[in-house]
Amino acid sequence: MSLTELETFESFDPATGEVLASYPRHDAAAVHAAVERATEAARWWAELGFQERKRRLLDYKAVLTRNLPRVVAMVSQETGKPEGDAILETALAITHLDWAARKAAKVLGRRRVASGLVAMNMAATLEYLPLGVIGVIGPWNYPVFTPMGSIGYALAAGNAVVFKPSEYTPGVGVLLAELFAEAVPEQPVFQVVTGLGETGAALAGDPGVKKIAFTGSAATARKVMAACAQNLTPMVAECGGKDAFIVDAGADLGAAADAALWGAMSNSGQTCVGVERVYAVDSVYDEFLRELTERAQRVKAGEHYGPITMPGQLDIIRRHIDDATGSGKAVVGGPESVRAPFVDPVIVTDVPEDSRAVREETFGPTVTVKRVADVAEALEKANASAYGLAGTIFSGDRKRAMELARRMLTGMTAINSIISFAGVPALPFGGVGESGFGRIHGADGLREFTRPKAVSRQRFAMPGMNLTSFARTPAELDRLVKLVTLLHGRRRG
């Protein structure tokens, strides 16, 4: 079937239901053709070397920046988020692209490593080489920032990319690729395939793809992993979270409430590292809750944030609100807050820890708040989750906050700030448990899309130590034993 004969699907404005555009449903044959083109492009891209790739990626960054209004408009149309939120995520993506382009050579380039006394006659080098074609399956909630955390770093590492955007935000993906072609017109180094679940499955199962970067639910991640298993294709997966927010004694409660509200309600609560659970210690609970509820009562869906982008998510949000209000106390909003496609802020206190509203990802503008005796109890409850993506701690004690952050079972933790780690390109991003595995961003994110290459070269023959030969003598082995004993036989402090 030729490209012109492919079936199509439509993208919609989630606030109005208006059809925005139609896009092809790329089938397995079309996906494979894109991967084959990318395979050839990957060879060219890798041979350019770090400096030439850096130059082209910085050109792409400049093209993105000059076209910021176009990108922002497309994001707002397809997700429904306010222009300001679209600007924020695109600006952060541009910042990460810049960092990856500039740091790739230092992080991945060939370098000498110490060979040690036993192998003192060897010169040893380590470098990180591109894998080839990287398949990226992106989400709809942050259709620029999140996939570019894989796309930009994979490109900087020397790979070609085939990107399958969410079926809710295909136009954003197509635009990102079109703008890349303006900066790098020579080869199809960055391509987009559009479609529904079968298109993503075809990409994950294509033998020409050397790694998959996936963002989405844990349930979908398992399906993607099954497709990858056909060819033993590795993957990096970011699968959402149920992030906790701890309010400690001595915290700036106004700042904490402001941060918790933004973390819970911005982007309609559709943030994988958003705030879904708050644990406030007894001594500050009442004042914090007052600060939070006063602020929340001034926030309205359709004014401060947009609609729920994915219609099916409304049912989950309704169930969790019913569950929370049935066992806890609604202090802001309630079941009446759901007025599809919008959901106004909902804050519920005293919700049991075993309820679905506390255990399962809601992905809506709702948050539960619970009083705890101290930060030890707060940390225990924060860590009692199958998820482990991110978390937040507000405290007046820097030392205690750092210790709590280190002990929080998450990939990232922000202290006295909200989601701040996402704005630091050098920090890796990813989770543990049901939140997935692997990392994007930072040096770890660059290495995620490479294979380490180790090389040892004999500089001279070691006199009396020809150990890797059938001609070795007992005397040579005796010298080895004496050397190892001298180096490692004593306990050292």
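Guide: Helices here are DSSP runs of H or I with at least four residues, strands are runs of E with at least two, and both are numbered from the N terminus. The model is a predicted one. By that naming, Glu294 belongs to helix H9, which covers residues 282–296. Glu294 has a relative accessibility of 36% and therefore counts as partly exposed, since that class lies between under 20% for buried and over 50% for exposed. Between Glu294 and Gly195 there are 99 residues of sequence separation, and their C-alpha atoms are 43 Å apart in space.

UniProt, in an unreviewed entry, lists residues 7–455 under "domain: Aldehyde dehydrogenase". In the model that span is 44% helix and 22% strand, and its end C-alpha atoms lie 49 Å apart.

Take the pair H1 and H3 next. H1 runs over residues 28–66 and H3 over residues 83–108; their axes are 9 Å apart and the packing angle is about 175°. An angle over 145 degrees counts as roughly antiparallel, so H1 and H3 are roughly antiparallel to each other. On the H1 side the contact is made by Phe50, Gln51, Lys54, Leu57, Leu58, Tyr60, Lys61, Leu64 and Thr65, and on the H3 side by Ile94, Leu97, Asp98, Ala101, Arg102, Ala104, Ala105 and Leu108. Sorted by class, that contact has 11 nonpolar, 2 polar and 4 charged residues.

Now the salt bridges. With a side-chain nitrogen of Lys or Arg required within 4 Å of a carboxyl oxygen of Asp or Glu, the count comes to 27 salt bridges. One of them joins Arg25 to Glu198, with the closest N and O atoms 2.5 Å apart. This pair links distant parts of the chain, 173 residues apart: Arg25 is in the loop between strand E2 (19–24) and H1, while Glu198 is in helix H6, residues 197–205. Arg25 has a relative accessible area of 25%, so it is partly exposed. Glu198 is partly exposed too, because its relative accessible area is 40%.

Is Thr199 buried or exposed? Its relative accessible area is 0%, so Thr199 is buried. Apart from neighbours within four places in sequence, Thr199 is in contact with Arg25, His26, Val31, Lys164, Val193 and Thr194.

A network of them links Glu52, Arg55, Arg56, Asp59 and Glu186. Arg339 and Asp344 form a salt bridge with an N to O distance of 2.8 Å. Of these two, Arg339 is at 38% relative accessibility and so counts as partly exposed, whereas Asp344 is buried because its relative accessible area is 15%. Arg356 and Glu360 form a salt bridge at 3.4 Å, N to O. Here Arg356 has a relative accessible area of 39% and is therefore partly exposed; Glu360, at 33%, is partly exposed as well.

The loops hold the remaining points. Most residues other than glycine have a negative phi, and most peptide bonds are trans. Going from Ala340 to Pro341, the peptide bond is cis, with omega near 5°. Pro341 is placed in the loop between strand E13 (338–339) and strand E14 (342–343).

Leu232 is not a glycine, yet its phi is positive, at about 55°. The loop that holds Leu232 lies between helix H7 (218–229) and strand E9 (235–238). With 76% relative accessibility, Leu232 counts as exposed. Asp350 likewise has a positive phi, near 60°. Asp350 sits in the loop between strand E15 (346–349) and helix H11 (356–359), and its relative accessible area of 46% makes it partly exposed.

Terms used:
Residues numbered from 1 in each chain as written. Predicted model: local features only at pLDDT ≥ 70, side-chain atom pairs only at ≥ 80, totals over all residues. Heavy atoms only, no water. UniProt positions renumbered as here; feature names shortened; annotations may be inferred. Axes fitted to C-alpha atoms, helices over the stretch in contact; angles between N-to-C directions. Parallel < 35°, antiparallel > 145°, perpendicular 65-115°, else oblique. Contact = heavy atoms within 4.5 Å. Nonpolar A, V, L, I, M, F, W, Y, C, P; charged D, E, K, R; others polar. Buried < 20%, exposed > 50% of the residue type's maximum accessible area, 1.4 Å probe, protein only.
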